[in-house]
Amino acid sequence: QAASPLHPVTVQCQEAQMVVTVHRDLFGTGRLVRAADLALGPDACQAVSAVENTVTFVAGLHECGSSLQMTPDSLIYKTSLSYKPTPTGNLVIVRTSPAVVPIECHYPRRNNVSSNAIRPTWVPFRSTLSSEEKLVFSLRLMSDDWSAERLSNGFQLGESLHFQADVSSENHVPLRLFVDECVATLTPDKNSLPRYALIDLSGCLVDGRSDEATSAFLSPRPRQETLQFVVDVFKFAKDDRNLIYITCHLKVSPVDQPPNSLNKACSFNKASSLWVPVEGTGDICSCCETGHCTVQG
C-alpha cells in the first residue's frame, strides 16, 4: 500500500532490512514536513531518498539502534520514526509538533519447507545431529499471575517484573534451563556503563541481596525447561531516562546432571540470611557469597 495522507507511514519488512516510506503530509493537514526533520531509530538514521511528497528510509534489521524481542513464535524488530520540527524562516517559532511513530517487523521463528519433487531415502547423520543441536530460547515479561505474556513493558516504581525463561527442547534428552546472568543497562550494549547485575556468578540472583529488594527465583519450577523469577522495579540513580535494557544469558544442562556451582538458580533468603537453590543441595550456592563460582575436577 503506497504512502498517502490516509496512511502516511508504510513499512515493508524484507528478508534482511526494512523499508519505511513516509508521506510528507504526515499529519494529514496539507502542510508538508521537511525530510531533514525525519529520522529513523535511536541512531537517527537519515533518509536515502526524498522524491516529491515521499521520503524513504532503508535500514538493516539490526541498524539504526533497532531492538530485537523474541517470543516463542516470532522475532520482532522494533524501531521508531521520529519527527522533530526545526524552525525555518522565522527562527523563533515552529508550527508543527514533534511525533514518534513506533515501527515493528515480525518474522516467524519456525518455518516448514516441503517438496514433492525430492524424496530422499536416507538422512545423513550429520544433518540429523545438526537438527538436534538447535535450541530455541525465550525470555518474556509475564503478567503478575504468570498466565500470559505481559502486553505492556511500562512499569511504576514499587511494582515487580515477572520474568519467564524457556527453552524448547524438541529432539533432545530432557534439559534443565538456567539463567547464567542478567544485566541492566541504559543502552542495548550489555557492557555499557552504568550497568547493574541482577543475576551473576552463574545463577546467583544478586539483586535479592540488596536490603530493599525481594527479588527471587520461583520454586518449584513449573517445568524443568522453564525458570521464573521476580525482580523489584528500579531505575538508575542520577539519570532521567525511563527506558532500561535487560540482557540475560540462558543455558541448559541435562536433567539427569545434578545442579552444581556453575549450573544453579540461587535466591537470597533474608529471614535465614542464606542462599537457597531452586533445586540441588545448599552448598552449590555458597559461592554466591564468596564470589568465586567454579567446579572442582
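Tutor: The model is predicted, so local features need pLDDT of at least 70 and side-chain atom pairs count only at pLDDT 80 or more, while totals for chains, interfaces and linings use all residues. Residues are numbered from 1 along each chain as its sequence is written, and side-chain values use heavy atoms, with hydrogens and water left out.

Student: What makes Arg 34 and Asp 37 a salt bridge?

Tutor: A salt bridge needs a side-chain nitrogen of Lys or Arg within 4 Å of a carboxyl oxygen of Asp or Glu. The closest N and O atoms of Arg 34 and Asp 37 are 3.2 Å apart. That is within 4 Å, so the pair counts. In general, side chains of opposite charge can pair when their charged atoms come close.

Student: Why is Asp 37 called buried?

Tutor: Buried means under 20% relative accessible area, exposed means over 50%, and partly exposed lies in between (1.4 Å probe, protein chains only). Asp 37 has 8% relative accessibility, so Asp 37 counts as buried.

Student: And how do you know whether Arg 34 is buried, partly exposed or exposed?

Tutor: Its relative accessible area is 36%. That value falls between 20% and 50%, so Arg 34 is partly exposed.

Student: What makes Glu 279 and Arg 221 a salt bridge?

Tutor: Their side chains meet at 2.8 Å, N to O.

Student: Are Glu 279 and Arg 221 buried or exposed?

Tutor: Glu 279 has 16% relative accessibility, so Glu 279 counts as buried. Arg 221 is buried too, with 11%.

Student: How do you know which class Arg 241 and Asp 239 belong to?

Tutor: Arg 241 has a relative accessible area of 44%, so Arg 241 is partly exposed. Asp 239 is at 18%, so Asp 239 counts as buried. Their side chains meet in a salt bridge at 2.9 Å, N to O.

Student: Which residues do shared partners join into one network?

Tutor: Arg 140, Asp 166 and Arg 223. The whole structure holds eight salt bridges.
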